[in-house]
Amino acid sequence: MYKRLYDYLSFNNVLYDYQFGFRKYHFTSLALIDVMDGIYQQLDNSNIVIGIYLDLQKAFDTVDHSILLAKLYNYGIRGDVYNWFKDYLYDRQQFVSIRGINSDTASVSYDVPQGSVLGPLLFLIYVNDMYSCIGDATVKLFADDTNLFVSGQSIDEVTAIANVCISKLNTWFLANKLSLSLDKTCFSVFLEFMTIMLFVKYN
């Protein structure tokens, strides 16, 4: 099923171009080269660049099954295959076992099954439309790591653009029941001939 789903997504160019996690021929080094090339291009045009690095809190554990299924349907997963995924996700049960003593069984209505082959791919589908909420700015994704780069001719301009993008992303996170880990969220400012690394917590 993983192969069928991945082949379908690849053939129809469904997955976001700048998603570098859990994909064939998409490596960390390629993501880094792409980011650096974009930054240098803006600096050569005398622009200021702000990079914002967003960390999602327990991202794989907070995937809402109904939202995920709606996205699968929207991307063309219909009929028997859709019903298969619905059965795969719904009515999952879990319990804790310690030294032969088991806890009560509880239903799991959130998460993608971790440790499974399908889990990472389903998560990519879940966050696949994130980029569409912020317009002209570019989001670079590596699974649940979200990097946003915005540029402008002055620090005031680029700060204003960054704030608008963050607001739009926040709306998307809320709609998709995801939350930021503020302790791991920071930003850096890139200036012509000089890079100021400001790893400051975003509040």
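**Entry 1: terms and model**

A polar contact is a pair of N or O atoms within 3.5 Å; within protein, one must be able to donate a hydrogen and the other to accept it, and residues adjacent in sequence count only if both atoms are side-chain atoms. I am working on a predicted model, where local features need pLDDT of at least 70, side-chain atom pairs count only at pLDDT 80 or more, and totals for chains, interfaces and linings use all residues. Residues are numbered from 1 along each chain as its sequence is written, and side-chain values use heavy atoms, with hydrogens and water left out.

**Entry 2: the whole chain**

I looked up the elements and found 6 helices and 9 strands in the chain. Helices (H or I, at least four residues) and strands (E, at least two) are DSSP runs, numbered from the N terminus. The C-alpha trace spans about 60 × 40 × 30 Å along its principal axes. I noted that 41% of the 203 residues count as buried. Buried means under 20% relative accessible area, exposed over 50%, partly exposed in between (1.4 Å probe, protein chains only).

**Entry 3: K71**

I went to K71, which lies in helix α3. Is K71 buried or exposed? K71 is buried because its relative accessible area is 10%. Its side chain reaches the backbone oxygen of Y126 at 2.6 Å. The K71 side chain also makes a polar contact of 2.7 Å with the side chain of N176. I then listed what K71 touches, leaving out residues up to four places away in sequence: I125, Y126, D129, W172 and N176. Contact here means heavy atoms within 4.5 Å.

**Entry 4: α3 against α5**

How do the axes of α3 and α5 cross? They cross at roughly 80° and come within 9 Å. That makes α3 roughly perpendicular to α5. Axes are lines fitted to C-alpha atoms, for helices over the stretch in contact, and angles run from 0 to 180 degrees between N-to-C directions. Angles under 35 degrees count as roughly parallel, over 145 as roughly antiparallel, 65 to 115 as roughly perpendicular and the rest as oblique. On the α3 side I found I67, L68, K71 and L72, which meet L122, I125 and Y126 in α5.

**Entry 5: α1 against α5**

Next I took helix α1 (residues 2–11) and helix α5 (residues 118–127), which pack at an angle of about 30° with their axes 10 Å apart. That makes α1 roughly parallel to α5. Which residues make the contact? From α1 I noted Y2, L5, Y6 and L9; from α5, L118, L121, L122 and I125.

**Entry 6: Y75**

Where is Y75? I found Y75 in the loop between α3 (65–74) and α4 (79–89). Y75 counts as buried, at 17% relative accessibility. Y75 and L9 are 66 residues apart in sequence, yet 8.3 Å apart in space, C-alpha to C-alpha. The side chains of Y75 and N128 are joined by a polar contact of 3.1 Å. Not counting residues up to four places away in sequence, Y75 touches Y8, V14, I125, N128 and D129.

**Entry 7: D64**

Last, I checked D64, in the loop between β1 (48–55) and α3. D64 counts as buried, at 5% relative accessibility. A polar contact of 2.4 Å joins its side chain to that of S66. Beyond four places away in sequence, D64 touches Y110, Y126 and K177.
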